[in-house]
Structures are given as C-alpha cells and as structure tokens.
Amino acid sequence: MSTGNETWTPAYVALGSNLDDPPAQVRAAARAVAAMAGVAALQTSPLYVSEPLGGLAQPDYVNAVVGFLTTLSARQLLEHLQGLEAQMGRIRGPLHWAPRRIDLDLLVYGEQRLERPRLTLPHPGIVSRNFVLYPLSDIAPTLEVPGLGPVSRLRAAVGDKGLRRLT
C-alpha cells in the first residue's frame, strides 16, 4: 500500500507477558502499538496461554500477535518496540528466558529476509513456537512467511501442546 510518498508495509509482532496481570499487559501493549506513529489498520489475535520456555520455574505466559501496516523501516519498528517494552517496565537481565512484564518480537516485516546482529527476519523462533503460530494464523491464515512457507503449514507442524486459547 502506498499513499503519496509513504510506503505501507505489513508487519506482525508477537506479544507476551507472564507478570503483573499478563492479559492486561498484552492488551495494553497492543493498544500502544496501535497508537505508534506510522502504524495503521491493526488487527489483534485472541489471547493464548502457554508454558514458559527454558525450564525456569515461572508463571505461564499470555501471548497474542498483532498485524498492521507501517511506514516505519524494520529497524525503526524494532527500536519503537524496544522503547515500548522499556516504557512498560521490561527489565533486560542476564537470563534469556526470565519472567517478564512484556515481550515484543518483530516476527515478519513484509517479504524481507534479513540477518543482522540485532534483527533477524523472519524471527528465528517463529517455526518452533506454537504460541506465535496459532495467534498469527488467527489474523493472517494465508500469510507466506518469507523463506519458510505458509503460516498454516508451519502451525500444523508444531501442534498445540501446552497451549490453550484464552479469549
């Protein structure tokens, strides 16, 4: 989509939380993404509950995916998402799979495939995470994940073990 000098690119972002009322945190993050400059036509998936990754004892996660159009570059979008995480109280510590108030992962940005130190597209974990693929397929069932194939096929390959739909 393009209007004037702006090019609108479809983007998909995973939202997750397991601290401080996770459903409320995920919904607040979705609203904050929708309010970002350069974002339009946001769709939000239903919420899902999933078991945490990494084997660390912690509460279950609440997850969702938002899809939208953006005029931001992939790098700009990532910076905005990380700023939003900080505003919402995410503390980045030494543990990779630690509990968190909010986690925002850029999953897909148009048809872009990219491998940089701070940004890989599509997100490298997308093919193995049912808590990403199920909500993603709820809002974009025909999406072709660049270089990986249709989201419907990726979803079928991971199954729904440890996942339940909340809303």
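Helix α3 (residues 130–139) is largely enclosed by the rest of the structure, because nine of its ten residues are buried. Here helices (H or I, at least four residues) and strands (E, at least two) are DSSP runs, numbered from the N terminus. Buried means under 20% relative accessible area, exposed means over 50%, and partly exposed lies in between, with a 1.4 Å probe and protein chains only. The buried residues of α3 are N130, F131, V132, L133, Y134, P135, L136, S137 and I139. The model is predicted: local features need pLDDT of at least 70, side-chain atom pairs count only at pLDDT 80 or more, and totals for chains, interfaces and linings use all residues. Residues are numbered from 1 along each chain as its sequence is written, and side-chain values use heavy atoms, with hydrogens and water left out.

The protein chain contains four helices and twelve strands. Its radius of gyration is 15 Å, close to the 15 Å that the globule rule gives for 167 residues, so the chain is as compact as a globular protein of that length. The radius is taken over C-alpha atoms, and the globule rule is 2.2 Å times the number of residues to the power 0.38. Along the principal axes, the C-alpha atoms fill a box of roughly 50 × 35 × 35 Å. Of the 167 residues, 48% are buried. The accessible surface of the protein chain is about 8500 Å², and 52% of this belongs to carbon and sulfur atoms. Accessible areas come from the Shrake-Rupley method with a 1.4 Å probe; for residues, only the protein chains shown count as cover. Among contacts (heavy atoms within 4.5 Å) between residues at least 6 apart in sequence, 68% join residues at least 24 apart.

Strand β6 (61–70) is mostly covered, with nine of its ten residues buried. Two strands are taken to pair if DSSP finds at least two bridges between them. Strand β3 (residues 9–17) runs antiparallel to β6 and is joined to it by nine bridges; S17 has V62 as its bridge partner in β6. Strand β4 (residues 39–44) also pairs with β6 in the antiparallel sense, over four bridges, and A40 is partnered there by L69. Between β5 and β6 there are three bridges, again in the antiparallel sense. The bridge partner of V49 in β6 is V62.

V65 belongs to β6 and counts as buried because its relative accessibility is 0%. Leaving aside neighbours within four places in sequence, V65 is in contact with Y12, V13, A14, Q43, T44, S45, L107, V132, P135, L136 and I139. V132, P135, L136 and I139 are among the buried residues of α3. V65 and E115 are 50 residues apart along the chain, and their C-alpha atoms are separated by 22 Å. The loop between β5 (48–50) and β6 holds G55, which counts as exposed because its relative accessibility is 76%. G55 and A98 are 43 residues apart in sequence, with 9.8 Å between their C-alpha atoms.

A nonpolar core is a set of buried Ala, Val, Leu, Ile, Met, Phe, Trp, Tyr and Cys residues joined through side-chain atoms within 4.5 Å. The largest such core has 29 residues, of which V13, L15, F68, L77, L104 and L106 touch the most other members. Two or more residues of this core come from each of β3, α1 (22–35), β6, α2 (74–87) and β7 (103–109). The largest share, five residues, is given by α2. Another core, of 19 residues, lies apart from it and includes V108, L133, V145 and V151. Not counting residues up to four places away in sequence, L104 touches V13, A14, L15, A29, L81, L84 and E85.

A salt bridge is a side-chain nitrogen of Lys or Arg within 4 Å of a carboxyl oxygen of Asp or Glu. By this rule there are two salt bridges. In one of them, the side chains of R101 and D20 meet at 2.6 Å, N to O. This pair links distant parts of the chain, 81 residues apart: R101 is in the loop between α2 and β7, and D20 is in the loop between β3 and α1. R101 counts as partly exposed because its relative accessibility is 29%; D20, at 45%, also counts as partly exposed. R100 forms a salt bridge with D103, with the closest N and O atoms 3.4 Å apart. Both R100 and D103 are buried.
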